[in-house]
Amino acid sequence: MSRVFIISSNTTTDPYPVYPLGMAVVAGALQAAGHQVRQYDCLAQGESIPQLLQAIEDFAPDLLSISLRNIDNVDSFSGEDAWYLQKSKEFVAELRKTVKVPIVVGGPALTIMPEEIAEYLAVDHAVIGEGERSLPQLVDRLAAGEAVPQLISRNQPLAGDEFSAPLFDQELVSYYLQQSGMVNLQTKRGCPYRCSYCSYPHLEGKQFRIRNPRLVVDELERLKQEHGVERVFFTDSVFNDPHGEYLKLVEEMLSRDLGMQWSAFFRPQGFGREELALMKRAGLYALELGTDAAADRTLVGLDKRLCFTEILEVNRACLEERLPAAHFVMFGGPDEDGASLTEGLQNLAQFGASVVFAFSGIRIHPGAPLHQRAIEEGIISAETSLLKPVYYFSPLLDREWMEETIEKSFYGQRNRIFPPSEGAKRMEVMTRFGFRGLMWDRLVRFPKTAQ
Ligand code: B12
Ligand code: SF4
């Protein structure tokens with residue numbers, strides 16, 4: 001048995017504070033493997049280094065592990081203060097001065113750029129991919145005195161039913177309920193689509209690995225009964241898999257009459273009023289839609305494999321079912337030109353009461369098809385470091401003109417948000433008025449008769 005101190009270093013509160021689920025899952029796996037674990041969340045429990053060092057000393061761990069969630073905020077308008085790795089580097093360096101046990105990092109940020117981040121942070125070990133099996137194995141190898149390399153490659157992907165149950169900590173749950181009114185849970189991993197900008201298939205694998213609905217609902221029940229949770233966000237890359245497996249989970253939620261509310265990311269394709277009505281009965285209260293582009297030309301440019309008419313149908317069904325929906329749309333991506341921008345803005349006007357969050361440019365993540373395209377178009381070279389965010393902007397239109405055009409088109413509409421900082425401002429105001437959670441769902445005013 002070893003003692004593992006695990007830290008969630010993420011302190012971002014934009015768009016709202018999110019429960020450190022990665023840390024909780026890994027902590028659950030360590031505990032199940034017989035180790036003693038202490039979780040520490042820098043957002044909920046403070047970033048003070050002396051306080052943290054005291055907690056570490058009190059626990060006397062054999063290993064210090066850090067969960068790294070975000071590299072940056074994927075918003076091209078942001079500057080250095082939204083690049084979180086500098087702070088992570090200083091954080092590790094401060095801990096290193098006192099902590100003598102090995103320091104290991106993992107998490108989605110790390111898995112996106114493992115070599116570069118491990119070197120930049122100067123940690124002893126960096127675990128790529130899922131931590132449930134890899135971290136307990138590392139702990140055992142270190143305890144046995146084995147020499148272990150800095151980079152630990154991925155294990156075989158776990159099957160859906162092998163994912164660890166998160167070890168929810170009541171102090172943290174209470175903090176997130178107070179701050180955001182919800183915690184989070186994962187019902188599956190992976191995504192079989194290949195949208196050209198997206199890092200999710202790299203992070204979670206190219207196939208859906210689905211958890212047994214009964215286990216998910218058991219966890220929901222525990223969250224409600226033992227932790228007082230009424231609302232969750234499902235963190236799946238895509239909640240609505242095309243084979244409709246997600247409906248089995250929805251049915252299970254319904255059959256257990258959970259009385260919990262939930263939201264998730266949806267791909268705006270292949271579902272309509274019938275599915276929405278069922279999900280609404282099971283507690284769905286808002287949908288975040290991976291619309292990503294607003295015209296057929298740019299949807300193809302992103303290799304979305306869906307067309308605008310399909311998105312519009314899903315949007316109409318959401319309005320008809322009176323379910324708040326938010327579309328996340330990136331302008332300036334592959335093949336965007338003046339005509340597609342004009343068409344896209346006209347298309348977005350058809351979303352009516354639903355919310356649109358628009359972004360300018362697309363963060364290039366290494367290994368995503370967009371990375372190769374940016375190299376081929378001479379936007380970056382193969383050697384360009386992506387540690388600090390680099391954004392793809394279509395060479396076919398002027399960025400400034402594009403941004404002015406979007407702002408003009410959205411002007412005066414509370415449910416059309418651009419630039420992204422506008423969303424943060426509105427949420428700040430709503431937080432002051434006592435609202436919590438997604439908050440954008442409050443911006444939706446359904447017409448008397450749905451469109
Ligand atoms: C769901 C989600 C959201 C939801 C969260 C809702 C909620 N209430 O939880 C919303 C939409 C709010 C959101 C917001 C943001 N997100 Co987000 N989000 C995700 C997503 C899809 C899943 C994250 C998750 O919870 N996974 C489930 C847990 C269990 O998995 P995990 O954390 O990866 O942990 C596993 C492994 O990584 C590993 N592991 C984790 N920790 C550790 C530690 C150790 C020591 C080890 C060994 C292993 C290990 O083991 C775990 C179990 O296998 C990821 C993409 C993805 N598919 O991973 C992006 C992602 C993490 N988000 C990202 C970003 C940027 C953001 C925002 C900054 C964007 C913005 N400006 O709004 C904000 C930040 C929010 C915040 N406060 O931190 C990026 C980070 C990359 C980057 N460039 O920085 C990602 C990777 C998506 C992307 N664009 O590529 N997000
Ligand atoms: S954007 Fe959504 S559908 Fe496309 S690859 Fe990423 S997670 Fe999958």
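Me: Two strands pair if DSSP finds at least two bridges between them. What order do the seven strands of the open sheet take under this rule?

Reply: In this predicted model, the order is β7-β10-β11-β12-β13-β14-β17, with parallel pairing. Features are local only at pLDDT of at least 70 and side-chain atom pairs count only at pLDDT 80 or more, whereas totals for chains, interfaces and linings use all residues. Residues are numbered from 1 along each chain as its sequence is written, while chains are lettered from A and ligands numbered from 1 in the order in which they are written.

Me: Why are β7 and β17 called edge strands?

Reply: Both β7 (183–185) and β17 (416–417) pair on one side only. Strand names such as these denote DSSP runs (E, at least two residues), as helix names do (H or I, at least four), numbered from the N terminus.

Me: Why is α1 called oblique to α7?

Reply: The axes of α1 (residues 21–32) and α7 (residues 131–143) come within 9 Å and cross at roughly 50 degrees. That makes α1 oblique to α7, because angles under 35 degrees count as roughly parallel, 65 to 115 as roughly perpendicular, over 145 as roughly antiparallel and the rest as oblique. The angles, from 0 to 180 degrees, are taken between N-to-C directions of lines fitted to C-alpha atoms, for helices over the stretch in contact.

Me: Which residues make the contact of α1 with α7?

Reply: V25, V26, A29 and L30 of α1 meet G131, E132, L135 and P136 of α7; contact requires C-beta atoms, placed from the backbone, within 7 Å. By class there are six nonpolar, one polar and one charged residues. Ala, Val, Leu, Ile, Met, Phe, Trp, Tyr, Cys and Pro count as nonpolar, Asp, Glu, Lys and Arg as charged, and the others, Gly among them, as polar.

Me: What makes α4 oblique to α6?

Reply: Helices α4 (residues 85–98) and α6 (residues 114–121) pack at about 45 degrees, with axes 9 Å apart. That angle makes α4 oblique to α6. L85, S88, K89 and V92 of α4 touch I117, Y120 and L121 of α6. These divide into five nonpolar, one polar and one charged.

Me: Which residues come nearest to ligand 1?

Reply: Of 48 residues around ligand 1, the nearest are G22, S67, G106, E130 and G131; a shell residue has its backbone-placed C-beta atom within 6 Å. Helix α1 gives the most to this shell, with five residues. By class, the shell has 21 nonpolar, 19 polar and eight charged residues.

Definitions and conventions: Two residues are in contact if their C-beta atoms, placed from the backbone, lie within 7 Å.
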